[in-house]
Structure formats: C-alpha cells, structure tokens
Amino acid sequence: MMKRFLQLTVTLFGVVTLVFFALRLLPGDATAAMAGDNLSGEALERLREQMGLNEPLYSQYFSYLGSLLRLDFGNTLITNLPLMEMLMKSVPITMTIALITIVLAIAISIPLGTLAAYMAHKGKKTLDNIITWAAMVVDLMPAFWTSLLLLLILSLSLGIFPASGAVTFEDPVMLMKRIAIPVIVLTITQLAILTRMTRTAVLEVLNEDYIRTARSLGMSEILVVFRHALKNAALPIVTVLGISFGNLLNGTVIVEFIFSIPGIGTLLVNGIYSRDYPLVQTLILFYAFIFIVVNFLTDIVYKKIDPRVQF
C-alpha cells in the first residue's frame, strides 16, 4: 500500500512539473491576453512584474511548489479571485454530470454487453451483431459532433431541453434540464467501449467449465449469466470503468464549453485562452488527482472481487 501511495505522489509531482513548464512554452502570457495592443514597453513590463511573470522560471517553479506544499493555490492572474473558491463552485456541477453519466453508462452498457455475449454464445448472431455494430458506430461519433447534433434536435428543433439558462443547485429541475444533453452526449461516448468490453469478458467466461456445471445443477439462465458469468468477468470490466471515468472527465471539458455549463471544463478552456497559469495548473492538478484516486479505488475493488490480486 505504501509503495502504491509513493507511486501516486510521484505521478502528481510529474503532472505538476510537466504542466508548469508546458504552459510557459505557449506563445504570449496573461499580460498579453489582458492588455492586447493597449499596453506596450514599460507599462507591459510593470504589469508583468506585478504578476511575478518576469522572475526567473526556476524561481517561479520553486515558489509554486512551495505554495502547493502549504496547500495555498493562490488567486487567478486575470480576476485575482481565490482559486479554491472558484474550484468549489465548479466541482459540484462537473462531478454531478460525471456521476450521472457513469451510472447511466453502467446501467445500459453492462446489460447490453451481457446480452450480446449470451446471444453469441447461443449462436444467435443477429442481435449480437446489431449491438456490436451499433457500439462501433457510436464509438466513431466525436463528442463535439454529437453535442451539436443533439443541441439542434432536442433543443432548437423540438424544444425539449433548454440551450441556455442558469445552472444552479437551488433549482434542481432546471439543473437537470440544463445538463440533460451533456449527460446524453457523454453517456453515448462511454457506451461503446463498456459494451464491447462486457461482451468480450462475459463471452469468454460463458465457455468455462464451471458455467456448464452451474447449468447442470438446474440453475436458470438468468442466474447463471448474471450471478456467475458476469461476476467472474468483472475484473476487465472494472479496469475499463476506471479508464472510462478518466476519459469522461476529459469529455466534460468539451461539452461544458459547448453548452456554456459553468463547470471545471469551461474554467479550464477560458484559463488556457487567457494564459492564466495558476488557474490552468490548479484545474489540471485537480483532474490528475481525481484520475489517480479513481485508479486507486479500482485497485481496492480488484481486491474485493478477487482477494488473490495484489496491489
């Protein structure tokens, strides 16, 4: 367990370092984004000095590391607002979208994948082919294209869901309406890989001897498939779920920006445009932390499913 914790710490340190220097390789900085053509020469240099941007790069780096060790994330360069305050306002919205999406994806993809595997096992290829090909087609649909298509159909044409409006937990009904299309888009992106992986894992298990033994004991097909086959096929499915959650967080960046959802994704895109280094660094660090925590939880689930698995 300690070794695993050290690996996670080193990973976070690597992310922090890579993001810090990669951002500064981009052309321009926050002063250029703020001032545009309105400032030049000495005025621009004074603004950079006020923001601490003309200190040596190594000095900025070690200063940033020191702040992280004190859990002091500082303020944004552009608005000078506390980063933690902005993060706490955005995280609940993004995590709500992500959690609803992953629950829907599991609820749809695992039964579909299991059904496809069962049909393939029984030699009934038609339904299996339909599910498999549908998953492949869905996998080829980029999130931005699906977002614009559903926005056109469900919002602008049919008027089922609003294309704009406030996003607040004080009005749960409006919140669900506003995030409905983003959730549908992200669920679609998750269905393909989860369905195919479930089909492959369950189909492999259905050919095992203990499944034939369970059938010979007179167990119903539903019990055999969902209690024995699906349970024993869980490890690869859990692996894909952990990876999918990380990809899901990446997907929220696109859909939040397209649908003007004030989540972490929108903050990140705006921070990159304005070269707001502290904001971008903090948000990417948060993404990395969540991804690492999900992987760690995946390891724990492994251990619960199969006690022989070691960290």
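This is a predicted model: local features need pLDDT of at least 70, side-chain atom pairs count only at pLDDT 80 or more; totals for chains, interfaces and linings use all residues.
Phe-21 belongs to helix α1 (residues 2-23) and Tyr-61 to helix α4 (residues 57-69), so the pair ties together parts of the chain that are 40 residues apart in sequence.

The secondary structure of the protein chain consists of 13 helices and 0 strands. Followed along the sequence, the pattern is accordingly written as α-α-α-α-α-α-α-α-α-α-α-α-α. The chain has 311 residues, of which 43% are buried. Its accessible surface amounts to about 16,900 Å², and carbon and sulfur atoms account for 68% of that area. When contacts between residues at least 6 apart in sequence are considered, 71% of them join residues at least 24 apart.

Helix α12 (residues 264-273) has 7 of its 10 residues buried, so this helix is largely enclosed by the rest of the structure. The buried residues of α12 are Ile-264, Gly-265, Thr-266, Leu-267, Leu-268, Val-269 and Gly-271. After α12 comes Arg-275, which has a positive phi, near 55°. Helix α5 (residues 83-121) packs against α12 at an angle of about 130°, and the two axes are 8 Å apart. With this angle, α5 is oblique to α12. On the α5 side the contact is made by Met-86, Ser-90, Val-91 and Thr-94, and on the α12 side by Ile-264, Gly-265 and Leu-267. Ile-264, Gly-265 and Leu-267 are also among the buried residues of α12.

A further packing arrangement involves helix α6 (residues 125-139) and helix α8 (residues 172-206), which meet at an angle of about 140° with their axes 8 Å apart. This places α6 oblique to α8, because angles count as roughly antiparallel when over 145 degrees. The crossing of these two helices is left-handed. From α6, the residues that make the contact are Asp-128, Ile-131, Thr-132, Ala-135, Met-136, Val-138 and Asp-139. From α8, the contact is made by Ile-188, Ala-192, Thr-195, Arg-196 and Arg-199.

Helix α8 also contains Gln-190. The relative accessibility of Gln-190 is 4%, and the residue is therefore counted as buried. Apart from neighbours within four places in sequence, Gln-190 is in contact with Thr-101, Ala-105, Ser-244, Asn-247 and Leu-248.

Terms used:
Residues are numbered from 1 along each chain as its sequence is written. Side-chain values use heavy atoms; hydrogens and water are left out. Helices (H or I, at least four residues) and strands (E, at least two) are DSSP runs, numbered from the N terminus. Buried means under 20% relative accessible area, exposed over 50%, partly exposed in between (1.4 Å probe, protein chains only). Contact means heavy atoms within 4.5 Å. Accessible areas come from the Shrake-Rupley method with a 1.4 Å probe; for residues, only the protein chains shown count as cover. Axes are lines fitted to C-alpha atoms, for helices over the stretch in contact, and angles run from 0 to 180 degrees between N-to-C directions. Angles under 35 degrees count as roughly parallel, over 145 as roughly antiparallel, 65 to 115 as roughly perpendicular and the rest as oblique. A crossing is left-handed if the near helix is turned anticlockwise from the far one by less than a right angle, and right-handed if clockwise.
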